Amino acid sequence: MRKLMKYLKPYWPGVLLIVLLLLGQARAELMLPNLMADIVNDGVVYAAEHGVYRTEFILRTGGIMLFFALLAGTASITAGYISPRIAAGVARTIRRDVFTKVESFSQAEFDKFSSASLITRCTNDVAQVQMLANIFARTLLYAPILGLGAIFMAVNRAVHMSWIIALAVIVLVGTVALVTVIVMPKFKLIQELVDKLNKVSREILHGLMVIRAFGTRGHEVKRFDKTNHDLASMSLFVGRVMAVTGPAITLVMGGTQVLVIWIGAHHVADSGLTIGDMMAFMQYSMQVIISFMMISFVMVMVPRAQVSAARIAEVLSTEVSIVDPATPQEFDKNNPGKGEVVFQDVCFKYPNAEANALDGISFTAKPGQTTAIIGATGAGKTTIAQLILRFYDVSEGKITVDCLNIKDVRQAELRRKIGYVPQKGQLLSGSIESNILYGKYATEGAVPAMPKKQWGGGEQRRGKPDEVSGSVGRNLAPTENSGEHYKQHRETPAAPQPTDETLLQAAKIAQAMEFIEEKDDKFLSEISQGGTNVSGGQRQRLSIARALAINPEIILFDDSFSALDFQTDANLRRALREHTAQATVIVIAQRVGTIMNAEEIIVLDKGKIVGRGNHQQLLETCPEYKEIAVSQNMANGQGEVQ
Amino acid sequence: MSTDRKNERRQDYNRPPMGGGRGRGGGWGRPGFGPVEKPKDFKGSWGQIIRYLGAEKVVITFTALLAVASTVLGVLGPRVLGTATDEIFQGLLRMPGGGSINFSRVGNIMLIMICLHAFNIIFNYVQGFIMAGVSMRITYRLRNEISNKIHRLPFKYFDKTSHGDVLSRITNDVDTLSGTLNQGMGQLLMSATAVIGILIMMITISPLLTLVAMMILPASGIIMRFIVKRSQKYFQQQQKSLGELNGHIEEMFTSHAIVKSFGGEKASVEAFDVHNKELYSCGWKANFLSGLMMPIIGFVGNMGYVAIVVIGGAMAVSGSISVGMIQAFIQYTRQFGHPVSQLAGVAAVLQQTAAAAERVFAFLNEEEESPEAANPVAHEHIKGSVEFENIKFGYNQETPVIHSFNAKVQPGQKIAIVGHTGAGKTTIVKLLMRFYDVNSGEIKVDGANIQDYTRDGLRSHFGMVLQDTWLFNGTIEENIRYGRLTATGEEVRNAARAAQAHHFIQSFPESYHMEINEEADNISAGQKQLLTIARTILSDPDILILDEATSNVDTRTELLIQQAMDNLMKGRTSFVIAHRLSTIRSADLILVMKDGDIVEQGNHETLLSNDGVYSRLYNSQFDAVEA
C-alpha cells in the first residue's frame, strides 16, 4: 500500500484542497445542532419563561443555519468534483505502469506470475485500489473528521455527559470488531468453499462422459452435495452472526438516547445544562455513532484493497531478467546478414528447476538450409525456439546470429530477423489482414495492435498525430515494381511500406489464399480473439503467413504443421522452398514426415543431442530416431478437435 | 477447459463476485447506477420463485410479521423520547416556582423506551436468524437440484451450452437469488413499514411541518433522477471502455510470446493508452456525478432541517407544538431518507433477482433424456455381439452425419475406426454408449436394442479409454477406484499393474496416496492415460472402446500404453479409434470415416484393394515413414 502512495504525489495540491474542503464541510455541518440549541434556549424556552416572542431572533438564526448548510453543500460538492479525478488519475497511471511493465517482461517473469494472474493484477486489482481511492475522500477521510468534530462539539456543550459518547463508541466498535473477528476468517473459508463448489461442478461437467460411462452419478451427486452442504452451513453461520449488526446498532443508538435523556434530565434539574444543549448533545452523539459506523463499514474494504495493492507492487518491483544491453551492437545494415544461427555449448536451466532442460547443445543452422529438431515431448525442442527468440537467456554457452551474440543486440533488432510460427497458431483479434501484417505494423507502431472495428472506420485513429510515425496505408495502390519495392524495404527497414503485395505473397506461400478467397470479406474478414472462429489448420496457415510477411531471414516453425492435411502440408513446404530459398529455416517437429527432407535433422532426447544427420543416416545410426519413426503411424492431426 | 475459464473470467467483469457481492452483508447498493439486467418475464419469474418457496412460505410470512413489528417499535421510539423531553421541559418551567422535573414520570418513559428497543432488537434478530436459515435451505436445495439436473440432461444440451454458463448459474445466479431472499425481502418490508409509520408519526405531530418536510422528498427525487440519468450514460461508457481495456490486457498477456516475437510491445502500449484515456475520462465523470448524490441529498436534508427548526421553533414559541415533538420530528425527517432510497432501489433488485431466477429455472426445466425402458433387459455379463442396423444420426435433425450404416460385430472381434481428425470417429462411440440416441435404425448388443437396456445397465458392459483423460482432484488410488467404487486396495493395485502403471505410481512421493492436483498437471499426459486404463481394467467391461491417439506422449510411455491396451483387449469385443498400423492391420473390421460418415468398411486387404478412401489415406500417411 505504501509503495503505491507515491502515485498520489503529483496530486498533492488536490489532496490538500480536499482536506481543507472537508474540514470546512464538517465545521459548517456541525454548526447546525448548535444553532438549533440557540433557537430552543433563547427562543422557545425564553418565550415560555418570559412570555416574550423573539421571532426575529429565530429567523435570524435560521438564516445563519441556512448559510452554513449552503457552505457545507458547496464544500462537499467541490470535494466530490476533485476526488474522483484524482482517484481515476491515480488508477490510470498505476494501470499504465503495470501494463507497460508487464509488456517488458520476459518469459521467465510470465512463468513466475502466470498470465492469468497478471491479467487479474492489471484489471481487478487496479479496480480494487481505485475503489478504495474513490471512497477515501468520501468516507475514510470525512467520517473521522466529522466524528471527531462532533465529539468536540458535544463535549463543549456538556462535558459531564461525554462518557456516554465514549461508552457508545466502545460498545459499537467492540461489537463491530467482535463480528469482524468471528466472520472475517469465515468469509475466507466461504470463498474457498465457493471455489471448491466451482471446481467440483467443473469437474463434473468436464467428466460427464466418463461419469455416465461408469454409472457413477450417485457418487458425483454425493460429492457435490457434501461441498454444497458445507458451503450452506458455513454461510448460515456467517449470516446469523452478521444479522447481529443491525440490532446492535439499534441497541447502541437507543441506549445512547435513553442515557442522554435520563442523565441530561438530572443535569437540567441541577441547572447544569440547558434543554437546547441536551438536544444538541443528542444529535451530536448520533453523528458520532454514524461516523464510526461508516468508518467500520469502509474498513472492511481496506484489507482487500491492501492485498490488491501488494499484488500490484509485486509486479512493479519485479526486475525484468532480460534487458537490452547498454551499448548494443548492430547487425550490419549495408550487408544484411544471411541469418546464420549458431548454438555453442548451450545449457539452459529453467528458473528454480533442478536439472538442465538443455545440455551442451551445439549446432549451426545455415542460411538456405532447413534444420530440423525432433524429439519426444519434454525433450527441450520448444525451449530451443524460445532461446533463439531470447525469451530466456542461456545459462551457459552462447547463441550467435550472424556472428553476434544475441545478448549484445537489441531484442527488437534480433526478433525483426525472425519469423516465428508458434505451436498453437495463436492469432489476435482483428482481421485476416491485420493478423498477417501484424509484424509489419507492430514494429512501426502505427496501428493499434487490437484493431477490432478500427479496420473499418479506423482511419481517424491512424490519423492522430501522436500515433503516426511514418505513413502507413493499407490502401496504397500497388506500384508496378512492387516486387522491387518489397526488397528495398527489407534493406532499409527505416521506411518500411507494406503493400498489398506483401500481404498477397505471404498468404499465397502459406496456402491461405484458397480459404481467404472463400470468405465474404476476404482479407478483411474478422478474426476473433485467439482466432477461435477459424479452424486449427487455417489458424496455422495464417500464423505462417504472419511470419512470412516480415520477410524474415530466419524462419522458426514450432511444430506448426500438425493441423494441416497432407496435401496442404506438401504444397506449403514446396512453396516455402521456392520463396524462401535464402532464409535459414528451423523446423521443430514431432512428426518424422514433416522433416524428413531437411538438410540436417537434430534428434533431442532429454535435453541432449543424441543424433544428427539426414533422414537416411539417422535411420541407420540413431536408435532414438528410428524408434520415433517406427512408432509413427496414422496419427494425423495429433487429436486437435474431437 | 481454457475457454470455459476465459468465459467465466469475462463474466466476472460485469457480475458481482460471489461472496463479496450484494447478497451477503453488503446492503442494497445505490439505486439506478449502471445498467440493470432485465428479465424476460418478470411476473412469471417471481411466480416461479414464490411457487418454489413451497412450505417455507409459512416461515417467511412469520418472519415478515416480525420484521413489521420490529420496525413499528423502532418508529415509535423518537415519539416516546420526545414526550420525555417535554416532561423535562415542563419541569424546567416549574423550576422558578420551586418545582422540579418529575423524575418518576421521566423514568417511566425511559422504561417504555427500553422495552421498545428490547423488543425491537429481539424481533429484528429472530427475523434475521430465521431468514438466514430459509435462504440457506433454498440455496442448498437449488444447487443440489441443479447438480442432479446435470446428470439427467442429454449431451445435446451441453453441445450448445458452455460449461461456464452452467457454472455461473450454480454460483452467481443462485447467490443473487439467495441474497435477495436473505436480506432483500426483509429490508423491503421494513423499509415500506418504516415509510408508512414515519409518515403517520409526522402527520400526527404536525401536518404543517409534515408538509414542509415532504417538499424535500420530490426535490431530492427530481435531483436524483436527473443525476442518475446523466451518470448512467457515463457508467455505460465506463463499462464499455473497461471491457475494451480489460479485453486488450487479456489478449496481450495471453499472446505475450506473439507480441514479443513480432515486436508489438509499443503498438500494444499505444492501444492500451487509448483505452485507458477513455476509461479515465468517463470514469471520473461517472463517479463525480454519482458522488454528487450524497452531498446534494445532504444539502436538501439540511435545508429541511433548518426549515423545521425555524418553523417548529416559531410554532413552539406560540405553544402550538412542544419542544419534545420538534426533537422527535427532526429525528423522523433524518430517518425518512434511508428507507425511501432503499425502496427506490427495490425495482432494480427485484429485476436482477428475476433475471437470475429465470436462468436457474430455465436450466431446471430443460428437456431431460428420454425415459428409461419400462422392462429393461438386464444381464450380469454379456457375450459382446454388436449390430448396427440402418443407423441414421445427426447432432441436429437437419444435418445427418451418418446416413445409413450397417455392421455386424461378433463377440471378441476387434473393430478399428479410422479417419482424419474431425471425421467423427467418436460419434460411433457416443452412439454405442447411448450418449446420443440414433435418429432411426437400431443398435443391438447381444441381440437386444440398446434402448431396451437402462442407460446405466448398458454402460456397465462397456469400458472406455478416451484420449481426453478425465481425472479429478483426489488421490491416485481414488482415481483408479473410480472404475468400480467398491474395489479393494489390492484390486486397485492389481489393475494398476495390468495397466503398467504400478511402477511409476510407486516412484511418486506418496505412491498411491499422491494427490492429483486441480489442473492434473503434476503427472504427465502418458501417466494420465495409463491411470485411465487402470480404471477401465478395474471396471472389468465386456466391450471395450479405446482411443489409441497417443499425442504428446514420449515413445517409451507410448509402448507401455500399447501393452496395457493389448492386455485389456484380450478376449473382449473392442472398438479402437485406431492410429497404429499394427492395430488396423490386425482388426477384424475397419470402419473408415470421412466428414462424419462411414464411407467404407471391411478388413485391411479388401479395403486396400478397393482403391478408395482407405487406400488413399493409407498411402498418403505411410509412404513417408516406410520409404
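Predicted model: local features only at pLDDT ≥ 70, side-chain atom pairs only at ≥ 80, totals over all residues.
Biologist: What does A:Leu556 touch, leaving out residues up to four places away in sequence?

Modeller: A:Leu556 touches A:Ala385, A:Ile388, A:Ile418, A:Gly419, A:Tyr420, A:Val421 and A:Ile586.

Biologist: How many residues does each chain bring to the contact of chain A with chain B?

Modeller: Chain B brings 131 residues and chain A brings 139. On the side of chain B that touches chain A, helix α9 (residues 265-317) of chain B gives the most, with 31 residues. By class, that side of chain B has 64 nonpolar, 52 polar and 15 charged residues.

Biologist: Why is α9(A) called roughly antiparallel to α10(A)?

Modeller: Helix α9 (residues 245-269) and helix α10 (residues 275-299) of chain A pack at an angle of about 160°, with their axes 10 Å apart. Angles over 145 degrees count as roughly antiparallel, so α9(A) is roughly antiparallel to α10(A). The crossing of the two helices is right-handed.

Biologist: Which residues of α9(A) and α10(A) meet?

Modeller: From α9(A) they include A:Ile249, A:Val252, A:Met253 and A:Val260, and from α10(A) they include A:Ile275, A:Met278, A:Phe281 and A:Ile289. By class, the contact of α9(A) with α10(A) has twelve nonpolar, four polar and no charged residues.

Biologist: What makes the phi of A:Asp345 worth a remark?

Modeller: Most residues other than glycine have a negative phi. A:Asp345 is not a glycine, yet has a positive phi of about 45°. A:Asp345 is placed in strand β1 (residues 341-348) of chain A.

Biologist: Where does A:Arg390 lie, and what is its phi?

Modeller: A:Arg390 lies in the loop between α12 (381-388) and β4 (396-401) of chain A. Phi of A:Arg390 is near 60°, a positive value in a residue other than glycine.

Biologist: Why is A:Arg390 called buried?

Modeller: The cut-off for a buried residue is 20 or more other C-beta atoms within 10 Å. A:Arg390 has 22, and is therefore buried.

Key:
Residues numbered from 1 in each chain as written. Chains lettered and ligands numbered in written order. Contact = placed C-beta atoms within 7 Å. Helix = DSSP H or I, 4+ residues; strand = E, 2+ residues; numbered from the N terminus. Nonpolar A, V, L, I, M, F, W, Y, C, P; charged D, E, K, R; others polar. Axes fitted to C-alpha atoms, helices over the stretch in contact; angles between N-to-C directions. Parallel < 35°, antiparallel > 145°, perpendicular 65-115°, else oblique. Left-handed = near helix turned anticlockwise from the far one by under 90°. Buried ≥ 20, exposed ≤ 12 C-beta atoms within 10 Å, placed from the backbone.
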